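Me: I want to check the labels against the numbers. Take me through them one at a time.

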Amino acid sequence: MSEPASEPRSFLDRLFDRGLLIRTGVDGLYGRSGAFESVVEALDRLVSRIGGADGAEALRFPPGMARSSFERSGYLKGFPHLAGTVHSFCGNEADHARLLACLDADEDWTASQAATDIVLTPAACYPLYPVAAARGRLPEGGLLFDLQSYCFRHEPSLEPTRMQLFRMREYVRMGTPEQVLAFRELWLARGTKMMSDLGLPLAIDPANDPFFGRAGKMLANNQRAQALKFELNVPVNSEDKPTACLSFNYHQDHFGTTWGIQQADGTTAHTACVGFGLERITLALLRHHGLDLDAWPAEVRAQLFG
């Protein structure tokens, strides 16, 4: 009798087999190879070339932010299931002895851990708003920022595109509703062209954030009804559930009100952002052009590597 056909290797397994991603023992937490990083870095440079002439102020924050700012941001109202906090040992010598005994007994050792003043950054723009607010009123014409950061979201998964720690590149616009909506329309066009030039199949779709609970369903419906969020989706894990690789978001006056960000005339500022999931775009390229970077189409390599 013939051997039964083996099931095809998943995309994630093939990434592991090729050494592009490296197992750590935690779903959604992976090491990256030099080849993988070369694509991430090339994408970051490509985004800079596209937006470089706009005069954005570049800021780079660490992947942690002040807990006080995080609490004020309202993130826990909508996304408590995704948040990550930083805890540290805060006990005495007796607590330390109990911790070591728990380790030896393979028991929970975290009882003496307490929350620090740092939480993991959920999106690259979150540390920006209190900084912008502290500067006072916006100048005439508003402000434009260029951000990039590792971000954390607690959603362990075997989908390689759903990493718990990942990099997000953002441009954030602050100003009048007309200014920030014009910014979003500009980047909808730019992002579509960028991804098309990289040879990726795509669709722009209305979207909503993954709000928590029953109240979150109402928030999600409102977000879609008001066309506040669009995503550029590319099939990566499957054709029927494409992956959001870019997002285009109009926050209205949410962050302006939360942080007291005012325009030059004293009215509350509106904000918008475009976000690039650098690992997700890299995975989309690997899915559609193959795991051997040297075999990618010449026009795609030219866009990325010159």
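Me: What makes strand S1 and strand S2 a pair, and which way do they run?

Reply: This is a predicted model, so every value here is computed from it. Three bridges join S1 (residues 21–26) to S2 (residues 29–32). Pairing takes at least two bridges, so the two strands pair. They run antiparallel. Ile22 stands opposite Gly31 in S2.

Me: What lies between S1 and S2 in the hairpin?

Reply: Two residues separate the strands. In the turn, Gly28 has a positive phi of about 85 degrees.

Me: Why is the contact of Glu37 and Arg167 called a salt bridge?

Reply: The N to O distance between their side chains is 2.7 Å. The cut-off is 4 Å, between a side-chain nitrogen of Lys or Arg and a carboxyl oxygen of Asp or Glu, so the pair qualifies. Glu37 sits in helix H2 (residues 34–51) and Arg167 in strand S8 (residues 165–175). They are 130 residues apart, so the bridge links distant parts of the chain.

Me: How many salt bridges does a search of the whole structure find?

Reply: The search finds 18. Across the interface of domain 1 and domain 2, the rule finds zero.

Me: Where do the two domains lie in the chain?

Reply: The domain assignment gives domain 1 as 11–83 + 122–305 and domain 2 as 86–120. Their centres, taken over C-alpha atoms, are 34 Å apart.

Me: How do you know that domain 1 and domain 2 touch, and how many residues does each give to the contact?

Reply: Contact needs heavy atoms within 4.5 Å; eight residues from domain 1 and six residues from domain 2 take part, so the domains do touch. Together the domains bury about 620 Å² between them. Of that area, 61% is on carbon and sulfur atoms. In domain 1, Met65, Arg67 and Phe152 lose the most area to domain 2. Those three make up 61% of what that side buries.

Me: With zero salt bridges there, how many residue pairs are in polar contact between the domains?

Reply: Three residue pairs are, with both residues at pLDDT 80 or more.

Me: Which elements supply the side of domain 1 that touches domain 2?

Reply: Strand S4 (64–66) and helix H3 (67–73) each supply at least two residues. S4 gives the largest share, three residues.

Me: What classes of residue make up that side of domain 1?

Reply: Six are nonpolar, one is polar and one is charged.

Note on methods. Residues are numbered from 1 along each chain as its sequence is written. This is a predicted model: local features need pLDDT of at least 70, side-chain atom pairs count only at pLDDT 80 or more; totals for chains, interfaces and linings use all residues. Side-chain values use heavy atoms; hydrogens and water are left out. Domain bounds come from an automatic or database domain assignment. Buried area is the accessible area (1.4 Å probe) that two parts lose on being put together, summed over both. A polar contact is a pair of N or O atoms within 3.5 Å; within protein, one must be able to donate a hydrogen and the other to accept it, and residues adjacent in sequence count only if both atoms are side-chain atoms. Helices (H or I, at least four residues) and strands (E, at least two) are DSSP runs, numbered from the N terminus. Ala, Val, Leu, Ile, Met, Phe, Trp, Tyr, Cys and Pro count as nonpolar, Asp, Glu, Lys and Arg as charged, and the others, Gly among them, as polar.
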